[in-house]
Structures are given as structure tokens and as C-alpha cells.
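Let's take a walk through this model together. Have a look at the sequence and the 3D view, then read on.

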Amino acid sequence: MVNDAAIVILAAGQGTRMKSKMAKVLHRAGGKSLVEHAISTALHIAPVERVFVVVGHQAEAVGAVANAAGVRSFEQRQQLGTGHAVMCGESELAGLGGLLLVVNGDCPMVRPETLQALVDLYQQTGAKAALVSTDLADPTGYGRIVRGENGDVLAIVEHKAATDAQRAIPEINAGFYCFDAEAFWKHVHEIRTDNPAGEYYLTDMVEILIRAGHRVTALKAADSGELQGINNKVELAEADRILRERKARDLMLEGVTILRPETVNIDAQVVIGQDTVIEPFVQIKGHTVIGEGCHIGSSSIIDSSQIGDHAQIHPFSVISTSKLDAHVHVGPFARIRMGAHLHENSHVGNFVELKNTEFGAGSKSMHLAYLGDSTIGSKVNVGAGTITCNYDGKKKHRTRIGNHAFVGSNSTLVAPLTIADEAYIAAGSTITYNVPENSLALGRSRQVVKEGWTPKR
Ligand code: UD1
Ligand code: MG
């Protein structure tokens with residue numbers, strides 16, 4: 001953490017090359033939008049009140065992301081270039097002093113350690129600006145680093161403006177800069193638009209500061225992978241793959257067992273306890289927290305949910321915004337959603353759907369059921385084919401089932417309905433009235449048997 005550093009995240013551009021109606025920085029890789037990646041990296045370096053996002057295209061949506069992360073944003077109404085983007089924050093930024101870091105909002109893979117190394121280099125060399133560079137096998141599209149005979153950085157030349165000789169330079173500008181804030185604001189208005197794009201290039205600050213007699217230095221990173229900017233959907237997919245690989249690796253190093261890690265998709269914010277086993281083709285999304293010693297079966301999808309220790313999720317289960325306590329068993333082919341809460345040791349089997357339902361400790365619903373808007377006690381047995389009829393065409397109603405109740409197979413429970421503790425529902429019943437404690441309810445027509453009927457038909 002660098003207390004006198006301010007960071008500006010450039011996130012106002014449309015990202016034409018994405019060919020999308022959505023602003024570039026809102027696209028997601030590794031489970032987070034590009035701008036969220038930039039913000040969380042920035043927060044490792046600068047205090048939260050010194051992190052700023054420049055918004056422009058879809059300013060409201062991008063600003064909302066900044067807001068949710070607790071950082072401020074300012075608007076660049078017209079996208080006149082990366083230099084202009086920083087200038088739009090002059091009134092808020094120029095008085096801050098200290099260090100001014102500027103980072104592209106479209107580089108989600110950069111590690112905080114790299115930005116810290118940039119600041120360290122800046123501080124050690126006494127230069128007025130430092131930037132991150134790297135050699136690329138194919139530098140097409142990037143700004144090139146032009147160095148003098150003694151190796152000093154002289155300028156950044158944008159690809160469009162570069163001569164053939166300059167285009168042959170493999171060393172590129174990665175889009176991360178650290179400036180002396182005072183020198184930056186003193187000279188930033190010297191940026192001109194005399195380039196093929198007619199834009200205010202932030203990269204011109206290098207020549208401007210050198211002209212003013214200052215030194216500019218570059219941190220040349222050996223690993224170019226983390227510096228890749230995202231400009232189209234091919235690069236987005238590649239970043240997503242790398243970020244997920246990184247996440248799986250981090251989890252494995254913390255003791256999570258992942259089978260065929262290249263097939264699983266785990267979002268950045270997910271937390272998983274030690275000795276949990278993740279089978280192939282699992283997806284775990286959002287702010288999901290999974291305990292220790294769990295088993296997550298192949299092809300299951302878990303989104304924004306909490307899973308207690310030693311839970312077993314069998315293959316092909318889909319769980320979203322729900323809570324499973326310790327030792328719960330779910331699936332295969334179960335769907336648990338919208339605030340469902342399965343208490344300890346409860347079991348939910350194949351083709352069972354729970355929506356907004358409390359399912360008590362030790363209760364079981366092993367096959368083919370829909371339990372919606374229900375409060376189900378402990379040690380309840382729900383037979384195959386049970387349906388809670390929670391919707392009357394206008395409103396949703398609740399079904400309450402007491403402890404130790406037994407619901408026979410193929411029961412239709414018409415809500416609002418209360419089935420008290422220890423009650424039995426006969427198989428095949430349609431239950432429309434409340435059932436008191438300890439009683440048996442039958443809601444079906446009596447069977448008729450016509451003996452000797454078959455030969456006469
Ligand atoms: C930029 C650099 C280039 C570098 C490359 C690294 C400039 C002039 N060029 O080029 O030297 O090699 O990044 O990835 O800076 N943005 C704004 N307002 C604008 C224009 C852009 O906020 O008016 C934002 C974009 O949303 C994006 C970032 O700045 O997040 C970079 O813009 P982009 O158009 O991707 O620049 P590059 O052409 O990649
Ligand atoms: Mg870019």
C-alpha cells in the first residue's frame with residue numbers, strides 16, 4: 001500500500017473492437033467485469049478514497065460498479081483519448097500531490113505485485129514517470145517504447161503513428177504508468193492531438209516530461225501474459241481462461257482437490273475449504289462459499305450460495321442463491337434456488353426442485369418433487385411426486401409441514417396449507433385443508449374393484 005498514491009482507472013472507452021452494445025470494461029473474465037478487476041488491483045496499491053474510475057460509455061453502469069466497490073468516478077463526456085480521460089479529473093486529482101498512477105481498465109490479468117514493482121522502481125530511480133513495458137512476439141496495435149542509445153526511454157509511439165522501423169520494436173507500452181503528480185499536472189496540457197487518431201494520447205507525456213528535463217523509466221516485465229490488454233472477444237476468452245487457471249491453481253495450493261482443473265470454471269470471489277473435491281466440468285460462480293470436505297459432483301453449477309462442511313452435491317445439480325448446511329446431500333439432477341435453506345443432514349435427491357423453502361434437519365425428499373415457498377420441519381419424509389401448489393394464478397402461498405410428518409407419494413399440497421407435526425398424508429392425496437397433529441389425511445377417491453370384469457369386456 002502506497003499512502004500518497006492516487007490511481008486513475010481508464011474506463012470510458014466504448015471498445016469498438018469488441019463489436020458489442022455493452023461497454024468494453026463491463027465484459028467479464030474470470031467471473032468479474034474488467035473494471036472490477038482493475039479496481040480490486042488498484043485497492044492493493046492506493047487507499048480507497050484515492051482510487052478513481054473515468055467513466056464515459058455507459059457511464060451510469062460503469063459508475064455503479066465503481067460505487068459498489070466504494071471508489072469514486074468522474075466523467076469523460078467525449079472520448080478524446082487516454083490523456084484527455086485523465087485531464088477530466090483535474091479538479092479532483094490535481095490537488096492530491098504524491099504519486100499519480102494511471103492504469104488501463106482493460107488489463108484484467110495484471111498482478112498487484114507488478115504495480116507495486118512499478119512504484120518501487122519509480123521511487124528508486126527518482127524519475128518523474130515510470131511505466132510498465134514488455135517484449136511481445138506480435139506487438140501489433142500497441143504503443144512501442146523508443147529508447148535512446150544509452151537505453152533511456154525517449155518516447156512511446158502509438159502503432160498508428162509508428163514508422164516501419166518503429167513497428168519492428170518488440171517492446172510495448174502495457175498501459176500502466178506512475179507519475180509525479182505535480183509534474184504531471186504542470187505539463188499535461190502540453191498534449192496535442194497532432195496524431196493519426198486526432199486524440200489526446202496519455203503516452204505523449206513521456207516525451208513532454210523528457211523535454212521538460214525529467215527522466216522517464218520503464219519496468220520491463222518478463223511475463224508478458226499478465227499485461228495483455230483486452231480489445232476483442234478472442235482476447236476476452238483467453239483472459240478468462242488464464243484467470244480461471246490462476247484461480248484453480250490458488251485453490252489447489254490451499255488444499256482443494258480439483259479433478260481435471262482445465263474443465264472447471266470458478267469465479268474470482270469464490271472461497272472453498274480444504275479437502276473439498278471438485279469433479280470435472282463444475283462451475284462455481286459469484287460470492288459462493290463452500291466449506292471443508294465437501295464433494296461437488298461433475299457438471300454441477302453453484303451460484304452465489306453457501307455450502308456447509310462435508311456437503312455432498314451429486315452430479316448435474318444446479319444451486320443458486322441458497323444455503324446448504326453441513327452434511328447435506330443434494331442431487332444428482334436437483335435444482336435448489338431463490339433463498340432455499342437446507343438444514344443439517346437433510347437429503348434432496350434426483351429431480352427435486354426447492355424454491356424459497358426451509359427444509360429441516362434430517363428431512364428427505366429423494367425423488368421427483370417440487371417444494372416451493374414452503375417451511376418444512378425436521379425429519380420429514382416427502383414422497384416421490386409431491387408437489388406444493390404454491391401459486392393460484394395471482395399470488396404465491398406458503399406450505400408448512402411440521403416435524404416428523406410423512407407425505408405419501410404423489411401428494412398434491414394446495415397452499416396456503418399447514419400440515420402439523422407427526423401427521424401422515426396418504427399417497428396420491430390432494431390436500432386442501434389443514435391437517436392437525438398426529439392425524440392421517442386421505443384426499444383421494446376410493447378404489448372400486450369389479451370382480452370378474454375382464455372376460456365380459
Ligand atoms: C493504449 C496505449 C498503448 C498501449 C495499450 C496497452 C494510449 C494512447 N495508447 O492503447 O500505448 O500499448 O493501451 O493496452 O494510451 N479510454 C478512455 N477514454 C478515452 C480512450 C480510452 O477512458 O478517450 C480507456 C479505455 O476504456 C481503455 C483504456 O483507456 O480502458 C485504453 O484504451 P484503448 O482504446 O484500449 O487503448 P489502446 O489502443 O489499447
Ligand atoms: Mg486497449
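## A tour, starting at the metal

Both Asp-106 and Asn-231 are buried, where buried means under 20% relative accessible area, exposed over 50%, and partly exposed in between (1.4 Å probe, protein chains only). Before going on, some ground rules: this is a predicted model, in which local features need pLDDT of at least 70 and side-chain atom pairs count only at pLDDT 80 or more, while totals for chains, interfaces and linings use all residues. Residues are numbered from 1 along each chain as its sequence is written, chains are lettered from A and ligands numbered from 1 in the order in which they are written, and side-chain values use heavy atoms, with hydrogens and water left out.

So what do Asp-106 (OD) and Asn-231 (OD1) do here? They are the protein donors of the magnesium ion (ligand 2), lying 2.4 to 2.5 Å from it. Donors are N, O and S atoms within 2.8 Å of the metal (3.2 Å for Na, K and Ca); water is not among the atoms, so sites may look incomplete.

Four of its five residues are buried, so E11 is largely enclosed by the rest of the structure. It pairs with strand E7 (residues 129-135) in the parallel sense over five bridges; two strands pair if DSSP finds at least two bridges between them. Leu-131 stands opposite Ala-218 in E11.

On to H9, which holds Lys-233. Lys-233 is partly exposed, with a relative accessible area of 42%. Which residues does Lys-233 touch, leaving aside its neighbours within four places in sequence? It is in contact with Met-18, Lys-19, Ser-20 and His-27, contact meaning heavy atoms within 4.5 Å. Arg-17 is 216 residues away from Lys-233 along the chain, yet their C-alpha atoms are separated by 8.3 Å.

Now for a bigger piece of architecture. An open sheet of nine strands runs in the order E14-E17-E20-E23-E26-E28-E30-E33-E36, with parallel pairing. Strand E14 (271-272) and strand E36 (417-419) are its edges, each pairing on one side only. Within the sheet, three bridges join strand E30 (residues 374-376) to strand E33 (residues 399-401), and Ser-374 has Thr-399 as its bridge partner in E33.

Most residues other than glycine have a negative phi, and most peptide bonds are trans. The peptide bond from Ala-415 to Pro-416 is cis, with omega near 0°, and Pro-416 sits in the loop between strand E35 (412-414) and E36. Another cis bond runs from Gly-331 to Pro-332, with omega near 5°; Pro-332 is in the loop between strand E24 (329-330) and strand E25 (335-337). Asn-345 has a positive phi, near 60°, and is partly exposed, with a relative accessible area of 39%. Phi of Asn-410 is positive too, near 55°, and that residue lies in the loop between strand E34 (406-407) and E35.

Note on methods:
Helix = DSSP H or I, 4+ residues; strand = E, 2+ residues; numbered from the N terminus.
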